[in-house]
Amino acid sequence: MSIPHTWKTPAEAALQSSAAGASEGVSAGVSAGVSAGAGGSDELRARIWALLEQVSDPEIPVISLLDLGVVRELRWSGAAWQVVITPTYSGCPAMTQMADDIVAVLAGAHLPVEVLTQLAPAWSTDWISPQGRQKLHEYGIAPPAALPAQPAGARVLRFMPRQEAAPAVACPRCGSQETVETSHFGSTACKALYRCLSCREPFDYFKPY
Ligand SMILES: [Zn+2]
């Protein structure tokens with residue numbers, strides 16, 4: 001079974017919803033017997049957040065999209081629940097899967113849903129929650145180091161500085177700081193492969209971005 005979803009920027013969504021009577025391509029996903037007043041209920045909103053908590057990162061299943069900081073906003077449009085997400089990386093192959101999973105979970109609870117993307121402000125590994133960092137660590141992935149503080153609004157467009165040396169990354173298994181980067185790209189583009197010189201185990205490092 002495939003569940004349709006639309007993949008729209010908020011601007012596109014606004015354009016479409018302002019097109020009066022548009023009947024094609026506007027409604028995303030699935031309508032299933034939710035009253036129009038559903039948007040006002042705090043209880044329902046809390047239930048939806050709980051459902052979203054169940055949606056995990058397709059590449060790192062131990063952390064949810066909420067822990068990852070990808071879900072920015074939940075709002076009721078009058079016709080559907082709009083889940084606003086910010087992509088982790090442009091071109092990240094997991095983003096389509098994330099949107100599909102969000103639609104599947106909410107549609108499974110008979111809630112009409114559409115997933116919208118918001119590109120600015122750009123996602124950063126700093127948005128990963130403390131709980132998400134802990135889960136990464138327990139899973140054997142070294143969580144990303146915090147980015148250097150920058151003035152508010154200064155991160156519209158970021159270029160990665162050339163690094164003189166790889167940052168010191170603690171081994172998630174034994175805690176040793178004696179680690180070396182063996183490959184800047186690990187099992188996915190967002191991770192680097194490290195090796196611990198103390199316990200000699202390889203591990204992934206979620207690169208700060
Ligand atoms: Zn180690």
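## Close-up views of the predicted model

**View A. Ala192 stands opposite Tyr205 in β8.** The model is predicted, and local features therefore require pLDDT of at least 70 and side-chain atom pairs pLDDT 80 or more, whereas totals for chains, interfaces and linings use all residues. Residue numbers start from 1 along each chain, as its sequence is written. Helices (H or I, at least four residues) and strands (E, at least two) are DSSP runs numbered from the N terminus, and two strands count as paired if DSSP finds at least two bridges between them. β7 and β8 run antiparallel and are joined by five bridges. They belong to an open sheet of four strands with mixed pairing, in the order β5-β8-β7-β6. The edges of this sheet are β5 and β6 (179-183), each of which has a single partner strand, so one side of each is left without a neighbour in the sheet.

**View B. Lys191 has its place in strand β7.** A residue is called buried when 20 or more other C-beta atoms lie within 10 Å of its own, exposed when there are 12 or fewer, and partly exposed in between, with the C-beta atoms placed from the backbone. Lys191 counts as buried because it has 21 C-beta neighbours inside 10 Å. Contact is taken to mean that two C-beta atoms, placed from the backbone, lie within 7 Å. Leaving aside residues up to four places away in sequence, Lys191 touches Ile141, Gly186, Asp204, Tyr205, Phe206 and Lys207.

**View C. Strands β3 (residues 81-85) and β4 pair in the parallel sense over five bridges.** Within this pairing, Ile85 has Thr117 of β4 as its bridge partner. Strand β4 (residues 113-117) is largely enclosed by the rest of the structure, because four of its five residues are buried.

**View D. The largest nonpolar core has 38 residues.** Such a core is a set of buried Ala, Val, Leu, Ile, Met, Phe, Trp, Tyr and Cys residues joined through C-beta atoms within 7 Å. The residues with the most contacts inside the largest core are Met98, Ile102, Val113 and Val115. At least two of its residues come from each of several elements, among them α2 (42-53), α3 (65-68), α4 (94-108), β4 and β7 (191-196). The largest share, seven residues, is supplied by α4. Because domain 1 (1-15 + 30-139) and domain 2 (140-145 + 163-209) both give residues to this core, it lies between them; the domain bounds come from an automatic or database domain assignment.

**View E. Helix α5 (residues 130-139) has Gly132, Lys135 and Leu136 as buried residues.** These three cover an arc of only 100 degrees around the axis, which puts them on the same side of α5; the arc is that of the directions from the helix axis to the C-beta atoms. An α-helix has 3.6 residues a turn, so residues three or four places apart point the same way. The buried residues of α5 are covered by elements that include α3, β5 and β8. On the face of α5 turned away from its buried side are the exposed residues Pro130, Gln131 and Glu138. After α5 comes Gly140, whose phi is positive, near 100 degrees.
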